[in-house]
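Please look through the following model before reading on.

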Amino acid sequence: MGRQVLYVVRERCTACMKCVFTCSLVKDGVLDPTHARIRVVGRGDVALDVDLCRHCDPAPCAEVCEFGAIKVVNGTVVLVQERCTTCKACMSVCPFGAITDSGGGALIKCDLCGGDPECVKVCPHDALIFEPPANLRHRIPNGPAEGIKELLGGR
Amino acid sequence: MRVVVIGCGVGGVEAVRNLVAAGVGEVKAVCGEWPPYTRHRLSEILRDGLPPTTASITLEPELLTKAEFVKGFATELRLGRKEVVLDSGEVLSYDSLIIATGGLPFIPPIKGAGLRNALPFYGMSSLKYLQSLPKGLRIVVVGAGLVGLTVASSLMSRGHRVAVFEALNHVLPSVMDEEPAKAVTAHLRDTGVKVFLKSRVEEVMGSSKVEAVRTSSMVWGSDVVVYAAGVKPRISLVEGLGLEMVGKAVRITQLGETSLSGVYALGDAAISYDYVTGKPVYRPLGFIAAHYARLIAEALAGKGVRDRGVIPTIYERVGGLDVIRVGLSASEAEGLGLTVDLRCSKGPAWVECFVREAGRTLVGYELVRSDPTKRNKGYEVVREVKEVYQ
Ligand SMILES: Cc1cc2nc3c(=O)[nH]c(=O)nc-3n(C[C@H](O)[C@H](O)[C@H](O)COP(=O)(O)OP(=O)(O)OC[C@H]3O[C@@H](n4cnc5c(N)ncnc54)[C@H](O)[C@@H]3O)c2cc1C
Ligand code: SF4
Ligand code: SF4
């Protein structure tokens with residue numbers, strides 16, 4: 001199977017926060033949104049949106065990290081915390097605010113749970129979809145083509 | 001080949017890591033402070049009340065077995081004999097030397113600067129001291145750069161009464177242009193931080209400990225003074241040894257070598273190169289130290305590397321604001337001899353500026369936002385600048 005992407009159907013999000021709390025619990029063992037790699041935010045015209053790493057290709061964050069702390073493993077952009085010095089260069093170029101401080105400058109970002117994202121499994125409203133790009137078009141009727149293109153680095 | 005690295009801050013450790021990865025002979029690092037730590041998260045650790053050890057740099061087991069970290073201070077360089085003398089009397093011989101001694105905080109040369117309760121925010125001891133203070137003190141921060149503003153907001157959230165004094169006419173003078181900087185000042189004032197611009201502190205007053213600071217127009221009561229007035233290269237070890245300097249910083253080539261063959265320097269001790277103009281600059285930033293650490297290791301490993309310099313990629317959280325600058329600000333670009341055009345726009349919760357050279361190439365971007373949904377376009381500078389100037 002080819003590369004899968006995590007797509008957000010923002011119209012379906014109800015801000016139930018299941019993804020957010022599941023993420024912080026699975027990753028850091030706490031129920032605390034600042035420890036989640038996914039965020040539900042209000043965005044201007046649409047009521048809600050979900051912010052998380054798009055695993056860009058090429059990945060701006062990995063390109064500017066001088067400490068080799070951001071690696072691309074099979075298309076997944078991973079932050080290696082032990083190598084990160086919190087210089088925050090990556091945060092200055094991420095278009096999506098996907099790298100955040102979980103406290104004391106320990107930076108976190110989504111790593112797709114090693115290829116089986118927990119947030120997708122718990123979303124009761126089918127607002128998070130993890131599929132190969134080709135499938136997205138029929139999983140999301142009238143799927144916003146632009147959004148999908150952006151996810152794939154414009155291809 | 002025997003390589004000795006002097007200093008184990010982010011630059012020194014990163015040099016060791018790259019040298020080990022490249023398989024460059026025998027690597028020894030002289031560490032004036034132990035364990036190594038990163039300054040980059042000191043303000044966040046202060047803000048969140050976490051133990052100072054949170055700043056430690058992880059040294060993976062492989063590094064500890066393949067390189068030797070010598071705890072001690074280098075007190076003398078014998079360049080002719082290729083030796084480093086330590087405070088313990090131990091002498092290390094090298095074939096190549098890397099000077100990674102970092103910087104020292106600049107303390108303004110004013111009356112009372114050395115009084116008790118007046119200190120720079122720079123390393124472990126200042127973090128521990130500020131964490132030990134009881135709530136509710138009056139604290140003056142001297143200097144409104146990134147360090148000054150982040151420490152001011154951290155002290156504010158720890159329950160102190162904080163005033164920032166800046167000699168120039170806007171905050172973040174070496175980071176942002178005036179318009180986005182104004183948004184930062186407004187936000188700080190909203191959160192209760194007093195910000196005084198065009199206010200140079202001329203004296204720290206008090207008999208045995210700090211009681212107030214004085215500018216040309218006022219006296220401001222204070223229990224603690226925190227200096228955040230910039231960094232200067234820490235170069236006492238090489239002074240008088242004939243190394244070429246640019247101002248007070250060690251001159252290096254584009255690949256990190258000093259004017260003496262086999263002697264390299266990086267980080268806050270040395271200059272670096274600006275990517276857009278190719279000119280030497282002094283930018284004491286951690287990712288720049290790491291950039292040259294990698295280049296020097298590659299050069300010592302015999303890899304034919306080429307390098308143009310660094311595009312600044314700066315992010316800080318100041319209170320509830322994201323402060324972002326990628327590439328050059330208009331004022332820095334002009335200082336480097338470019339003719340630029342600065343265009344800023346504003347939304348309810350953000351200010352964004354684009355700096356273009358000759359009306360075309362995007363050479364800089366500045367964003368101040370409290371709204372996380374405002375898209376950050378910083379990466380466009382990296383992409384465009386690399387395409388045009390490569
Ligand atoms: C509060 C604060 C926050 C910052 N935040 C950021 C940030 O978010 N992003 C960023 O990019 N930059 C940041 N910086 C700047 C960054 O910390 C420096 O640019 C970086 O540490 C420089 O690395 P260095 O290795 O050259 O020097 P340092 O990290 O200062 O390390 C030098 C080391 O050498 C040791 N040493 C000196 N002389 C000797 C000797 N003779 N023998 C043995 N050891 C010696 C010193 O004790 C020190 O441990 C921040 C700085 C401060 C103060
Ligand atoms: S962290 Fe940001 S820049 Fe990096 S891959 Fe994710 S979305 Fe892209
Ligand atoms: S903050 Fe960490 S991951 Fe980001 S660029 Fe710096 S070292 Fe790399």
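Predicted model: local features only at pLDDT ≥ 70, side-chain atom pairs only at ≥ 80, totals over all residues.

1. Two cis peptide bonds deserve a look. In chain A, the bond that leads from A:Asp57 to A:Pro58 is cis, and its omega is near 0 degrees; A:Pro58 itself lies in the loop that runs between β3 (46-51) and α2 (60-64) of chain A. In chain B, the bond from B:Trp34 to B:Pro35 is cis, with omega near -5 degrees, and B:Pro35 is placed in the loop between β2 (26-31) and α2 (42-48) of chain B.

2. A positive phi is found at A:Ala15, where the angle is near 60 degrees although the residue is not a glycine. A:Ala15 belongs to the loop between β1 (5-8) and α1 (18-28) of chain A. Because its relative accessible area is 32%, A:Ala15 counts as partly exposed, the range for that class lying between 20% and 50%.

3. B:Asn117 sits in the loop that links β8 (103-105) and β9 (118-120) of chain B. Is B:Asn117 buried or exposed? With a relative accessibility of 17%, B:Asn117 counts as buried, since the cut-off for that class is under 20%.

4. B:Glu83 is part of strand β5 (residues 83-86) of chain B. Its relative accessible area is 14%, so B:Glu83 is buried. Leaving aside residues up to four places away in sequence, B:Glu83 is in contact with B:Glu76, B:Leu77 and B:Arg78, and also with B:Val91, B:Leu92, B:Ser93 and B:Tyr94.

5. An open sheet of five strands is found in chain B, with the order β23-β24-β27-β26-β25 and antiparallel pairing. Its edges are formed by β23 (313-318) and β25 (340-347) of chain B, each of which pairs on one side only. When direction is ignored, neighbouring strands in this sheet are turned by 10 degrees against each other on average.

6. Within chain B, strand β24 (residues 321-327) and strand β27 (residues 361-369) run antiparallel and are joined by six bridges. Which residue in β27(B) is the bridge partner of B:Ile324? The partner is B:Leu367.

Notes: Residues numbered from 1 in each chain as written. Chains lettered and ligands numbered in written order. Heavy atoms only, no water. Helix = DSSP H or I, 4+ residues; strand = E, 2+ residues; numbered from the N terminus. Buried < 20%, exposed > 50% of the residue type's maximum accessible area, 1.4 Å probe, protein only. Contact = heavy atoms within 4.5 Å. Pairing = 2+ DSSP bridges. Axes fitted to C-alpha atoms, helices over the stretch in contact; angles between N-to-C directions.
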